[in-house]
Amino acid sequence: MAKKRGPVGGKSLVIVESPAKARTIGKFLGQGYTIEASIGHIRDLPQGAKEIPAQYKNEDWAYLGVNVDKGFEPVYVVPKSKGPQVRKLKALLKDAKELYLATDEDREGEAISWHLCEVLKPKVPVRRLVFHEITEEAIREALKNPREIDNHLVRAQEVRRIIDRLYGYDVSPLLWRKIKPKLSAGRVQSVAVRLIVERERRRMAFVSATYWDLLGTFANAGGQSFPATLLTLKKRRIPSSRDFDPATGKLKDPDLLFLDEGEAADLLERLRAADWRVSGIEDKPYTTRPYPPFTTSTLQQEANRKCGFTARHTMQVAQSLYETGHITYMRTDSTNLASVAVEAARKLVASQYGKDYLPASPRVYRTKVKNAQEAHEAIRPAGHPFTLPETLRNQLSPDEFKLYDLIWKRTVASQMSDARGHRVTIAVEAQDAVFQAVGKTIEFPGYLRAYVEGSDDPESDLADREQVLPKVSVGESLRCRSMEPKSHTTQPPNRFSEASLTRALEEMGIGRPSTYASIIETILARQYVFKIKRGNVLVPTWTAFAVSQLLEAHLPELVDYQFTADMEDELDAISRGEINHLDYLRQFYFGNEHPGLKQLLKNKQDEIDARDVCRLSLGKPPGQGANAEEIFVRVGRYGPFLEQGERRASLPEKLPPDEVTIPAALEMLDKAGQGDQPLGVCPETQKSVFIKVGRFGPYVQRGTADDDEKPQNASLLKGMDSEHVDLETALKLLSLPRTLGEHPQSGDPVVTRNGRFGPYVTCGDETRSLPDGLSPLEVTLDEALHLLAQPKARRGAAVRKEPVKEFDSSPVTGQPVRLMQGRYGPYVTDGETNASLPRGTMVEEVTFQYATHLLKERAATKKKPGKKAPAKKTAKKKAPAKTAKKSKKTK
């Protein structure tokens with residue numbers, strides 16, 4: 001960036017990404033600075049055919065937005081929504097004497113600064129400001145030491161963007177044609193889906209095992225009791241759950257002693273009157289060290305465990321804390337702390353917990369990641385000394401306070417002393433049986449006083465962690481107070497939560513922590529996975545199974561874990577200037593030593609059989625002989641269904657795949673087959689009446705597809721059970737809409753119907769919903785007329801719903817911002833604008849900042865008054881002729 005001379009006496013223009021960040025920086029800079037936000041990226045690759053510039057539309061590569069034939073040149077466009085902001089920045093730059101680019105210090109921030117230079121074309125000196133906390137000291141230091149734009153970081157971000165575009169835009173169409181529309185593939189996204197699908201496959205293949213042991217309660221001479229579990233019998237160890245093969249349910253080691261219920265009961269009787277003694281005591285000291293400060297990944301994991309935050313919500317709250325100057329930059333792989341931060345943490349340890357909790361020398365943490373996300377420090381409270389959480393309670397939203405408190409405690413604990421204690425094991429013996437009791441004592445809690453991973457209350461958790469055993473000696477006689485047989489059943493592997501998926505991806509070196517939140521959001525939005533309340537875990541859909549099956553069979557390199565991890569390392573090497581980015585792109589797309597993406601996809605459209613990749617085998621029903629027909633799950637364009645020979649049955653979309661066992665599948669197929677058996681014959685039409693189960697639930701049908709007329713269908717009413725629907729009820733449902741009679745005043749027919757949102761009555765233009773307890777099958781004319789005579793309630797006013805959450809007043813309308821539950825799902829409102837929550841967003845994770853962000857985006861998409869007026873334009877065209885004549889006469 002060459003030095004250029006700007007207007008004499010003008011202000012310095014500072015550009016950041018967000019208005020919140022601009023406001024915080026504005027507090028520290030004087031009158032000589034103008035701070036403005038770019039509001040994220042100001043330009044990007046074209047998002048569709050409409051955005052592709054006209055001169056490129058006929059090129060073969062135009063759909064990619066990247067000229068793969070000419071050095072992989074990207075075609076950048078400024079979206080229409082960014083136009084006004086770009087014009088504003090250009091106007092501010094005209095009067096500026098210099099330009100400071102103060103975007104974030106990672107790859108994305110560096111790329112935003114580069115794009116700003118490319119678009120604004122400044123004629124004044126340009127300087128790059130870098131800081132990882134928004135404090136006055138950090139800003140002043142950055143102003144003293146500006147630098148140039150790092151082109152290696154820019155190229156690294158651009159290469160990632162290009163590769164993701166090539167991967168997504170070339171592979172996704174294959175999924176549309178072979179599975180169903182609106183699917184997407186991605187470099188990290190598809191691998192994450194494969195991980196989740198593989199875990200579900202293991203759950204589906206899992207065979208549980210049930211085994212028994214004994215639990216006894218023993219007491220010493222002083223009457224102090226403790227529990228102990230059967231460890232060995234006849235010198236053979238009793239198995240635990242990890243000793244069973246998950247695929248067979250059998251013991252891996254035949255030397256272990258398996259007890260069933262009867263054998264456990266017999267052993268209990270034999271030992272009931274036995275003489276017990278202490279046969280061994282083992283006392284071992286232990287030491288545990290504190291956890292390192294937070295990285296992006298560990299923050300997401302711990303916020304998910306402790307606060308229930310999704311990865312996306314954690315990053316939104318962290319972004320807000322960073323932009324308001326409360327924490328350091330939140331996208332980092334580094335566990336390192338600056339010396340001033342270490343000093344601040346150590347002072348807090350001494351003042352808050354005492355000198356006993358302060359180690360002799362500072363703790364130093366080294367990151368295990370090769371390229372620590374360009375940020376050189378862990379996530380910690382900003383500034384020094386660190387602000388105590390309690391002093392910020394009234395300044396932060398509840399979720400911001402929770403996250404800040406978490407970061408503060410983790411940072412302080414990282415500089416505290418080790419925890420020390422003892423683990424004690426007592427062996428209790430009688431005849432040929434040995435029981436074992438395990439205890440744990442904490443002599444010195446150390447860092448655990450401040451922070452226990454996965455716990456909200458360190459003090460209470462410390463008490464729970466201690467298991468104190470009474471003092472006994474070897475050879476001492478014990479009394480058995482009670483003994484009972486205990487049953488244990490092995491469990492399938494746990495599904496991934498957002499936290500455990502993030503941890504798995506990081507451990508495998510796939511993706512980068514800053515992208516995990518958007519990856520999880522994407523696979524939820526594309527309906528590759530869904531969440532269930534039981535454990536808040538990620539469950540793959542059958543569509544995810546079909547996509548993984550296609551990629552594993554036909555494009556295995558693209559979802560290979562090591563291949564994807566190696567790509568991350570190579571992309572990081574580009575950011576360090578160790579690999580030429582053009583050579584890398586050519587290898588990835590065209591290939592050289594190994595086939596490139598283009599070669600891998602060649603002829604795949606013809607090679608792949610859509611029927612095969614969309615069919616997933618559940619196996620053959622056991623006990624039905626060799627001729628038994630295999631059961632398949634088929635993924636159709638309108639949802640998954642079961643198939644066995646000629647039999648079909650719809651599958652509920654939110655039914656977890658591991659619950660679709662062969663017995664469950666046979667039951668669903670049998671029920672669907674019963675739908676082919678009529679409930680009876682309609683006396684009026686002489687057509688058969690059926691009860692069927694469809695994609696959206698059970699319904700009744702009159703007639704068949706073979707009839708001359710299309711079959712008539714009717715949904716069941718809310719609360720109806722398909723098993724209790726008889727011919728009479730089915731005919732009543734099919735009678736809807738039902739005319740009750742004429743209105744005595746208007747003469748219009750009064751009709752009752754069952755609509756999408758429930759039953760209602762209608763007469764002319766008037767409609768009224770039927771209240772609970774009044775069925776459209778039973779409602780009388782008098783009851784309907786009484787309803788119609790009532791004033792029509794404004795939609796939603798009949799049963800006024802209380803807000804799920806209520807936040808502070810909107811800065812736009814002055815009214816409280818509320819989170820509501822609507823017919824179509826949850827939404828936020830400021831009294832004038834409503835904005836639906838994005839798919840997969842939990843209501844618990846909505847904050848005031850996020851709500852106002854959604855409302856701002858929604859308001860921006862609304863048509864401005866005056867633009868929606870084609871009629872006015874027509875009026876203007878007609879008016880001039882008359883007006884002109886009048887004006888001539890007047891003259």
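Colleague: How many aromatic pairs does a search of the whole structure find?

Modeller: This is a predicted model, where local features need pLDDT of at least 70, side-chain atom pairs count only at pLDDT 80 or more, and totals for chains, interfaces and linings use all residues. Residues are numbered from 1 along each chain as its sequence is written, and side-chain values use heavy atoms, without hydrogens and water. Rings of Phe, Tyr and Trp (its six-membered ring) pair if their centres lie within 6.5 Å; planes under 30 degrees apart are stacked, over 60 edge-to-face, the rest tilted. The search of the whole structure gives 19 aromatic pairs.

Colleague: How many residues apart in sequence are the parts tied together by phenylalanine 218 and phenylalanine 435?

Modeller: Their rings sit edge-to-face, 5.7 Å centre to centre, with 70° between the planes. Phenylalanine 218 is in strand β7 (residues 210-219) and phenylalanine 435 in strand β12 (residues 433-444), so the pair ties together parts 217 residues apart.

Colleague: What is the angle between the planes of tryptophan 276 and phenylalanine 435?

Modeller: Both residues are buried (under 20% relative accessible area, 1.4 Å probe, protein chains only). Their pair is edge-to-face, 5.3 Å centre to centre, and the angle between the planes is 90°.

Colleague: Is glutamate 261 buried or exposed?

Modeller: Glutamate 261 lies in helix α7 (residues 261-271). Exposed means over 50% relative accessible area. Glutamate 261 has 51%, so it is exposed.

Definitions and conventions. Helices (H or I, at least four residues) and strands (E, at least two) are DSSP runs, numbered from the N terminus.
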